[in-house]
Amino acid sequence: MNRNDQQAYDRGTSLYSPDGRIYQVEYAREAVKRGAPSVGVRTENGVVLAAQSRAGSSLMVQESIEKLHKIDDHVGAASAGHVADARKLVDFARREAQTNRLRYDEPIGIETLTKEVTDLIQENTQRGGTRPYGAALLVGGIDSTGPRLFGTDPSGTPHEWKAVAIGGGRETIQGHLEEEYRGDLDLDAGVDLAVNALLSELEDVDATGLSVAVVSEDGYHDYTVDEIDAHLDTQTDATEDE
Amino acid sequence: MNRNDQQAYDRGTSLYSPDGRIYQVEYAREAVKRGAPSVGVRTENGVVLAAQSRAGSSLMVQESIEKLHKIDDHVGAASAGHVADARKLVDFARREAQTNRLRYDEPIGIETLTKEVTDLIQENTQRGGTRPYGAALLVGGIDSTGPRLFGTDPSGTPHEWKAVAIGGGRETIQGHLEEEYRGDLDLDAGVDLAVNALLSELEDVDATGLSVAVVSEDGYHDYTVDEIDAHLDTQTDATEDE
Amino acid sequence: MNRNDQQAYDRGTSLYSPDGRIYQVEYAREAVKRGAPSVGVRTENGVVLAAQSRAGSSLMVQESIEKLHKIDDHVGAASAGHVADARKLVDFARREAQTNRLRYDEPIGIETLTKEVTDLIQENTQRGGTRPYGAALLVGGIDSTGPRLFGTDPSGTPHEWKAVAIGGGRETIQGHLEEEYRGDLDLDAGVDLAVNALLSELEDVDATGLSVAVVSEDGYHDYTVDEIDAHLDTQTDATEDE
Amino acid sequence: MNRNDQQAYDRGTSLYSPDGRIYQVEYAREAVKRGAPSVGVRTENGVVLAAQSRAGSSLMVQESIEKLHKIDDHVGAASAGHVADARKLVDFARREAQTNRLRYDEPIGIETLTKEVTDLIQENTQRGGTRPYGAALLVGGIDSTGPRLFGTDPSGTPHEWKAVAIGGGRETIQGHLEEEYRGDLDLDAGVDLAVNALLSELEDVDATGLSVAVVSEDGYHDYTVDEIDAHLDTQTDATEDE
Amino acid sequence: MNRNDQQAYDRGTSLYSPDGRIYQVEYAREAVKRGAPSVGVRTENGVVLAAQSRAGSSLMVQESIEKLHKIDDHVGAASAGHVADARKLVDFARREAQTNRLRYDEPIGIETLTKEVTDLIQENTQRGGTRPYGAALLVGGIDSTGPRLFGTDPSGTPHEWKAVAIGGGRETIQGHLEEEYRGDLDLDAGVDLAVNALLSELEDVDATGLSVAVVSEDGYHDYTVDEIDAHLDTQTDATEDE
Amino acid sequence: MNRNDQQAYDRGTSLYSPDGRIYQVEYAREAVKRGAPSVGVRTENGVVLAAQSRAGSSLMVQESIEKLHKIDDHVGAASAGHVADARKLVDFARREAQTNRLRYDEPIGIETLTKEVTDLIQENTQRGGTRPYGAALLVGGIDSTGPRLFGTDPSGTPHEWKAVAIGGGRETIQGHLEEEYRGDLDLDAGVDLAVNALLSELEDVDATGLSVAVVSEDGYHDYTVDEIDAHLDTQTDATEDE
Amino acid sequence: MNRNDQQAYDRGTSLYSPDGRIYQVEYAREAVKRGAPSVGVRTENGVVLAAQSRAGSSLMVQESIEKLHKIDDHVGAASAGHVADARKLVDFARREAQTNRLRYDEPIGIETLTKEVTDLIQENTQRGGTRPYGAALLVGGIDSTGPRLFGTDPSGTPHEWKAVAIGGGRETIQGHLEEEYRGDLDLDAGVDLAVNALLSELEDVDATGLSVAVVSEDGYHDYTVDEIDAHLDTQTDATEDE
């Protein structure tokens, strides 16, 4: 379908093209690609979330870039794409998690939580008068079924992953993950893999340009710059060892 | 009607073309064809649901592709098309099934359930400001009338089937079913037929690329990879026997 | 009015053309003509409803094609056109019939019932943001005034008929009815006439491709394939007798 | 204003043209002209309503064409134009009449009733998202002020008349009425005038193609075909007498 | 601004043109000019309202043309323009007057009443999805401040007048009023002036083609044809006297 | 940006142009300029409001032109632009002032009142389906902080002024104010300045063509024609003195 | 993407371009750039807010230009862009701060407050029928975590800053801040830096053309012209010292 024909069908979420596509959802996927990448890795004892944190100015407080988000004690999220949209989804996830604790007195399941979020996302792809969320989330944590890692996209489709990348440079990073992922990773090796995968796409990034968080039986933990830095060293060593 | 004329009438669900067609519904049917195929087979002692589960990455957890969905103990669904839309319909079906149990203390009839779903689908084909659901469902199960299998399409039309395919490659698969279906199939033979029908269209698919579920007097049962694999062998044998 | 001028006024139910027409209603009539035909015949002791039931596949369960619909013990409907729209109208009619029984403890009048349906249809021809129902109904039954047969169209106009056809090939079938109808038909002769009228338009149809129902003092009765077949024989004989 | 300029302002009820016209209302008047004509005549002791009842098929039940409508014991209406729209207005009038009886325990005034209807009609000429009613009504009856006859049009303007025609061929019929009307007509002479006026426009119409009703102190009375036929004879005689 | 540029800004009440005009309001003023003229004259002991009553047919009941409207015992209105719109405004004014009596047990002030009406009119010039009222009103009566006469226009601007004309031929009639008005007119002279002013524009009009009403300490009084005729004679005399 | 490009972005309040402008707000400013000018002057002991009162006819009651509006005992407003819009804003201001008295038993602050009005104005510049208010207000009065004078514009921006002009010829009048304003003006000198400033733009205006009001510790006071006339004399003298 | 293509996607907040951009948000950023600049600087003992206050007339009261806004005792805001939009956001922030005090009896956190504001902003970038807020805010204050400074933009993204500029000439001013900012600034040095940064972009500005406020443990404090003037001298000295 050429550009002129495409334009006839790409002005609204309540419109299919003759070949059955919803262009506004596809364009929202482009919005995700415009953002810095995030990565999730499921390990034997927890989930690793990592992201590039691009600061537009040396005076911006690095922590406020917010690519990683604690949702509840047992679950976190990494985002890519339109920042304000991602914040809305994260806020929604937090409220769902809190509501679950209040109602059932137990932590929300990671899959349940993800699907609440994708339900919200889907609704914005079907009604007119709105646009799809221009953000993707990785939702990772530990529940009664063990470590779980899910991804959402602007169409509202949830998928479970062993390891996954979203955002700019996704193809390269996902390729790295597919090559290097092993099922028996522990958390520490998972952090190595996540950081390594991001570096496969990014150039000239040091620990201050990355965010890492892990969710394990000990709860949600944001890595300090020093902790990240240690893994950057490790990696270089690892690479040298090969 | 040529493309220019068609474009005059294809931008909304609240619009007929001069020859009485609703193009957005027809385009939603194209969305269904873009998805991987699903198959349903009614047998003497239950219903078989089967589908191709296309994983976009080796790191995606196969179970999360979700082409087959347990609705209630006595009924399941297979879907094709826009994944997030299908999930909405499946969620709706689950709520209807639960409501029926709460209200009447008995499992919902398969036909009743299907028609609740198609009512919802139809509404999205008549009001402006929304788009039709880009998904088709097969709803199969056992109720007081025995094994039943229904299909829905984006127009909201329900039909009952002995065996039916939806999604990509439907014509080939349905042709296979029409040639091979016999009324006296038992569940096991039904699984053979369903898998066989899918393979008539798909190439290079092994057990991990397929999902199979059966609904019998014993309830809803998802096949394991091994169980599916066994039927793949059977089939090959069967083919060799011919 | 040429096609270009027509296009200026045919995009909505809330729009007249300069010559006072509502094109979307006329296009909805085209949707009715795209469907298989249905026929109604009023006889001295009841009403006959008959329809072609086109199955798209040999595996489709014939009964699920649903051209004839029991509304209440004393009234049924035959439909033509957009199937999902017809189902909505039939559901509405069933609810109206039930409500009447609950409220007044008596069966709803056939004329009253028909007009409730046409009121609903009319509303969809006047408001923007929706489309007219693309279906026509024949509503036939027995009430305190005797056997009655009504037809509805996409404009929401009710008319009472002695015998009438809707859907594809209406002109031929209605012509046959006008030539052959007599006021003193009994139910059996009415079935002959209805089947005969359908066959005047359809080719190569046997009993499995037809649906027949009668509403008499004994209530609503769906004909079995054998019962239909018997009338097919009768007819052939009758034809031969001529 | 030429056709191109006109098209710039004729797509909605919420739009004036530069010369202060509301084209959708004018187009709705064309819808009225597309219908068969109706006539009302006020006489000294009641009001006569008459109309052509065009049947599209010999199998249509003549009474169901419904050009004349009993509103209450003391008031009736004749309609022209879009049949389903007219039915909506008639139903509204009936509800208003009943409400008045319930609330004040007396029959509604003919003028009051007419203005309730025209208020409803006017609202559909001012709001967007709807179209004007494509029907005109004659409302005639007897109240405490004597026999009264009112007409409504698609703009929602009420007028009182001694005798008036609406619908197709209005100009000819109204001309006949203006020439022949006398203030001292009794009901019987009023029926003659009404029928005569219709025949001035219609060709080859017999009693079965006409509907006549009178509202007098004895209430609303629909003429039988025989009663109408008697007046057709009278007329012919009268004509011969001249 | 040429016609093409104007068309870019004249399709809605919620739109300004680049030079700050609201064209739909200006077009509604054209709708007022399409109507027959009305006149109001404030005198020392009351207000005179007068209007041309154009009947489209000799069979139309002259009183039903309704250019003059009693609002309450102490206040009346004359209208010009779209008849059904004027009726809506008059009905609104009547309800406001009644509400005032119920709430405060006293007649509503003429200025207060007028401004309630213009508030309603203004709202229809600002919101989308509607059109301005295509009618102008003269509101005249006596309250605690003496005789008062106000005019409204489609923009919702109220103005108080000593004497004023609205509708077709307004310029000529207003010119006549400006030349002939004197502050010390009594009611009878006011009627002369009002009728004279209308005749300055109208040709071949007799008493049956005019409506006159006065509001004085004695309340609202509609003139009979004979009373109007007397003033026509007077005038002719007066003219002859000059 | 040329006219064609501008037209792409000037059809709604919910739309920015690529250079960040909201054209409908700018066009509403043109509506203000189409109106007669108003002036406000803050003096040491009160605020002066003055305006040209253009009468379209010698029979229009001058007081009804309403360029100056008493809001409460301690505050008044002068308006320019679309008259009916200004009245809406003035009514809103009056209600806010009354509500404040009821709720807090004290007169509303002038700044608070102004900002309530500009909040309302702003809302109409952001939502679709409406247009900005085409009027500007000067709000002047005395509260616990002394004499205050504020201006509003169609964007909803409030500003405080020592002296300010709005409406047609604003540039000339504001220039006059900037040259002649002194901080130590008393009310009488303030009236001189206000009248003088208006006359710098207007030609051939006498006292009947002007409105003047002052708000001082003695409350809101409208000047009579004689009082205005006295200041016109003063001014001429003053001019002569120079 | 060229201008023509861009125009296809820039008419609404509910629309993505094919490359995933939301043009209306980008255009709102242009609206921010059209405003005078504001600056925020976080110091060791408080936050400095400063802005250019452009007066359009010598008679405008400088304080009413309102670039700096006290939100609560412990927090203030600086704004740039569309003035009326900024006021709406500031009012919203004030209500949120008050609500927090009422509900929890403690001052609202600066980060919490900022995110309430950005949630509101985001909503206006996703729904149709509205436009994004054309204003940016700097929110600065002291809470239990010490001095904090946040910025918002029209997309609804919050970021924390050590020092930041918004509005016209942002690039130059931010460059100056990046060069000169040191982490150990005290409030006084922070004011110097803020003023200095503004002057790097602005020409011919004296103390009356600037606004400065600080939020420290002593609360929110607006600088007087003299206080600002003192820092202008300091700066000149400082500059001279270099």
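Helices (H or I, at least four residues) and strands (E, at least two) are DSSP runs, numbered from the N terminus. The views below show a predicted model, in which local features need pLDDT of at least 70, side-chain atom pairs count only at pLDDT 80 or more, and totals for chains, interfaces and linings use all residues. Residues are numbered from 1 along each chain as its sequence is written, chains are lettered from A and ligands numbered from 1 in the order in which they are written, and side-chain values use heavy atoms, with hydrogens and water left out.

**View 1. A:Glu66 in its loop.** A:Glu66 lies in the loop of chain A between strand 2 (46-52) and strand 3 (68-72). This residue is not a glycine, yet has a positive phi of about 55°. A:Glu66 is partly exposed because its relative accessibility is 21% (buried means under 20% relative accessible area, exposed over 50%, partly exposed in between, with a 1.4 Å probe and protein chains only). Its partner in a salt bridge is G:Lys115, with the closest N and O atoms 2.7 Å apart (a salt bridge is a side-chain nitrogen of Lys or Arg within 4 Å of a carboxyl oxygen of Asp or Glu).

**View 2. The interface of chain A and chain G.** In this contact, 33 residues of chain A meet 38 residues of chain G (contact means heavy atoms within 4.5 Å). About 3,000 Å² is buried between the two chains, and carbon and sulfur atoms give 52% of that area (buried area is the accessible area, with a 1.4 Å probe, that two parts lose on being put together, summed over both). In chain A, the residues losing the most area to chain G are A:Leu59, A:Lys88 and A:Arg131, together 24% of what that side buries. Four salt bridges are counted between chain A and chain G, along with 22 residue pairs in polar contact, both residues at pLDDT 80 or more (a polar contact is a pair of N or O atoms within 3.5 Å; within protein, one must be able to donate a hydrogen and the other to accept it, and residues adjacent in sequence count only if both atoms are side-chain atoms). Helix 1 (3-7), helix 2 (23-33) and helix 3 (83-104) of chain A each supply at least two residues of the side that touches chain G. Helix 3 gives the most to that side of chain A, six residues.

**View 3. The interface of chain F and chain G.** Here 38 residues of chain F are in contact with 33 residues of chain G. Four salt bridges are counted between these chains; one of them joins the side chains of F:Lys115 and G:Glu66 at 2.7 Å, N to O. On the side of chain F that touches chain G, helix 4 (110-123), strand 7 (158-160) and helix 5 (170-180) each supply at least two residues. Helix 4 of chain F provides the largest share of that side, six residues.

**View 4. E:Lys115 and its contacts.** E:Lys115 belongs to helix 4 (residues 110-123) of chain E. With a relative accessible area of 15%, E:Lys115 is buried. Apart from neighbours within four places in sequence, E:Lys115 is in contact with E:Pro158, F:Glu66 and F:Arg87. The side chains of E:Lys115 and F:Glu66 are joined by a polar contact of 2.8 Å.

**View 5. D:Asp204 in its loop.** D:Asp204 sits in the loop between helix 6 (187-201) and strand 9 (210-216) of chain D. D:Asp204 has a positive phi of about 55° and is not a glycine. Its relative accessible area is 81%, so D:Asp204 is exposed.
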